[in-house]
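Here are my notes on the structure you asked me to look over. Please read them with the coordinates open.

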Amino acid sequence: MLRTQKTNASAEVRKALGLTPGKSLKEATPEEVRRVLDPYSQFPYPVSQAGDLTRVPREYVENWINVRKLAAQIAKLAPVATALEKVPREQRETVLHTALFEALNKRGSQAFFEEWQNPEAKKEIARIIGVSAGKPKEANDQNAPYAVEQLRTSIARRGNATLVDLGPGSGATIAPILDFLKPEERRKVTVVLVDAMKEAIDEKAMRNAIKSGKVIADLPSAEKVAKEYGVKDVVSIQSAFDDLEQHPDFGSLEGTADIVVSGAAIHHNQSVDGTFRAAAKLLRRGGKLAIWDWGHAAWKAQNLLVAPADAQISPSGKTYVDPRTKEIVTAPKDHAFVAQTPKRSGTPAELAGVKEILTTWTGGTDEKGGLLKYGPEHSQKLMTYMRQRIAAGKPVNFLEFLNENLVGQKRLNRPGAQDEETPTPYLFLEGHRPPELYEQSIKRAGLTHEETRYVPGSNLLYIIRAVKKE
Ligand SMILES: C[S@@+](CC[C@H](N)C(=O)[O-])C[C@H]1O[C@@H](n2cnc3c(N)ncnc32)[C@H](O)[C@@H]1O
């Protein structure tokens, strides 16, 4: 009985956050709730592009959203209040908060899928892929030999091997892996493709989507790529990562994977614990995880404070231990600390990643300009702003910089943009995280972290490897 009451309350919280089938988030969310989640939408371009705060990684969301206020607003909505009345008083707060975080996570994924169904956003995504040049290809190429070694070991041991790709899209992550293998090895490999988009796992759906202009470019589906390499079998699972454990085929796949790979996909989820938990269950003992993703510390909070050199910063960025006095220093509300020195050898300082992503968004570094379609001179301005703020011990606030410097400035008119006044529907707050948050989630899933390495030439792309111990 109690369980049903909790479920009712959770269902009402989900509706209050706009998770109503068939309705876009904007239509379905009550105004006062939307204002908390999307506080920048009323600002002029480009600040309005900060987007819905359910995109911010779960670990940082409380640095951006006043969760207590949001919970109080939701609890006031009539259907939620009625559902909560049936839950014992002492459990109401826990039920409300648990449901709220589950709903924030689902809403974050839904916002991503709504964006991908928007034809204007598609044009922008094609342009963004152009701006990020060959870096994703390099990341996929660098990750491949590790996966190949694992597949070969399994083939030598058992005569066959299973490769799982989380978010295979058009097959760019599996192609270099299968490319390395000899044809007779490929014939012993089963490829499991997990993607929420049908186009990734079903070539017919991809062809239809291309015909009707629903995809960004003439790309194959990962299913086609795997089949063309002549693998033993292709298993297609259409599922969001978070729902994977509930998929009817999940049980039969548990403990079968020799290697789980993923490229540029996991950050699309606001919370990643469900993804890594499912990945850990898919792996057999001795199986490996080899993922790469975009990540940086810039979305820790809207106000970023640079911590002293060698300070140990907490995962949420809210506190650090002073390296000299050993005292714990706490950041004010809406603020978080970033590191100016690398936390480990071979990794860049968080501040270097923050500079790289923020210039990528503003004016870029060459005549192609930045993702928000301004010229490279604006990146120079941003660097000066950051230098001055840091020297004065003041926080770097990217939205404030955009508001004060870029509102009303001339934008570039380049392919992909209809005219310079058209705002990009692409929102810049994505679930990008520095690698330590993935490492912690991987550990919570029961896997052992082996290494994290950055893709040369960028402070934003990193590869993480882990193992499910024998
Ligand atoms: C940027 S593409 C990456 C494709 C490929 N791995 C590569 O490196 O080019 C991201 C893929 O992840 C999928 N994806 C994003 N969020 C997802 C989620 N929550 N659950 C399942 N698939 C998701 C998308 O549909 C898309 O195919």
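Predicted model: local features only at pLDDT ≥ 70, side-chain atom pairs only at ≥ 80, totals over all residues.

The points below run from the whole chain down to single residues.

1. Side-chain atom pairs count only at pLDDT 80 or more, and local features need pLDDT of at least 70.

2. Overall build. The protein chain holds 20 helices and twelve strands. Its radius of gyration is 23 Å, close to the 23 Å that the globule rule gives for 470 residues, so the chain is as compact as a globular protein of that length. Along the principal axes, the C-alpha atoms fill a box of roughly 60 × 60 × 55 Å.

3. Burial and contact range. Of the 470 residues, 46% count as buried. Take the contacts with a separation of 6 or more: 72% of them come from residues 24 or more positions apart.

4. Domains. The assignment gives three entries: domain 1 (2–107), domain 2 (134–294 + 435–467) and domain 3 (303–405).

5. Domain 1 against domain 3. Their centres, taken over C-alpha atoms, are 29 Å apart. Nine residues of domain 1 are in contact with ten residues of domain 3. The domain 1 side of this contact has six nonpolar, two polar and one charged residues.

6. The nonpolar core. In soluble globular proteins, nonpolar side chains tend to be buried together. Here the largest nonpolar core has 117 residues. Which members touch the most others? They are Val13, Leu163, Ile174, Val260, Ala279, Leu289 and Val338.

7. Leu163 in detail. Leave out residues up to four places away in sequence, and Leu163 touches Ala147, Leu151, Ile174, Ile177, Val189, Val191, Asp258, Ile259 and Val261. One of these, Ile174, is also on the list of core members that touch the most others. Asp258 is a charged residue in this set of neighbours.

8. The ligand shell. The ligand is surrounded by 20 residues. The closest are Gly167, Gly169, Ala172, Gly263 and His268. Helix H7 (89–116) and helix H9 (135–158) are the elements that give two or more residues to this shell. By class, the shell has eleven nonpolar, eight polar and one charged residues.

9. Backbone geometry to check. Most residues other than glycine have a negative phi, and most peptide bonds are trans. The bond from Tyr45 to Pro46 is cis, with omega near 5°. Pro46 sits in the loop between helix H3 (31–37) and helix H4 (61–64).

10. Two positive phi values. Asp334 has phi near 65°, and Lys373 has phi near 70°. Asp334 lies in the loop between strand S9 (328–330) and strand S10 (335–338). Lys373 belongs to the loop between helix H17 (350–361) and helix H18 (377–391).

11. Buried or exposed: how does Lys373 count? Lys373 counts as buried, because 25 C-beta neighbours lie inside 10 Å and the cut-off for burial is 20 or more. Asp334 has 13 such neighbours, so Asp334 counts as partly exposed.

12. Gly457. This glycine lies in the loop between strand S11 (448–454) and strand S12 (461–467). Gly457 is exposed, because 11 other C-beta atoms lie within 10 Å and the limit for exposed is 12 or fewer. Where does Lys135 stand relative to Gly457? The two are 322 residues apart in sequence, yet 8.3 Å apart in space, C-alpha to C-alpha.

Conventions: Residues numbered from 1 in each chain as written. Near = placed C-beta within 6 Å. Helix = DSSP H or I, 4+ residues; strand = E, 2+ residues; numbered from the N terminus. Core = buried A, V, L, I, M, F, W, Y, C linked by C-beta atoms within 7 Å. Contact = placed C-beta atoms within 7 Å. Domains from an automatic or database assignment. Rg over C-alpha atoms; globule rule 2.2 N^0.38 Å.
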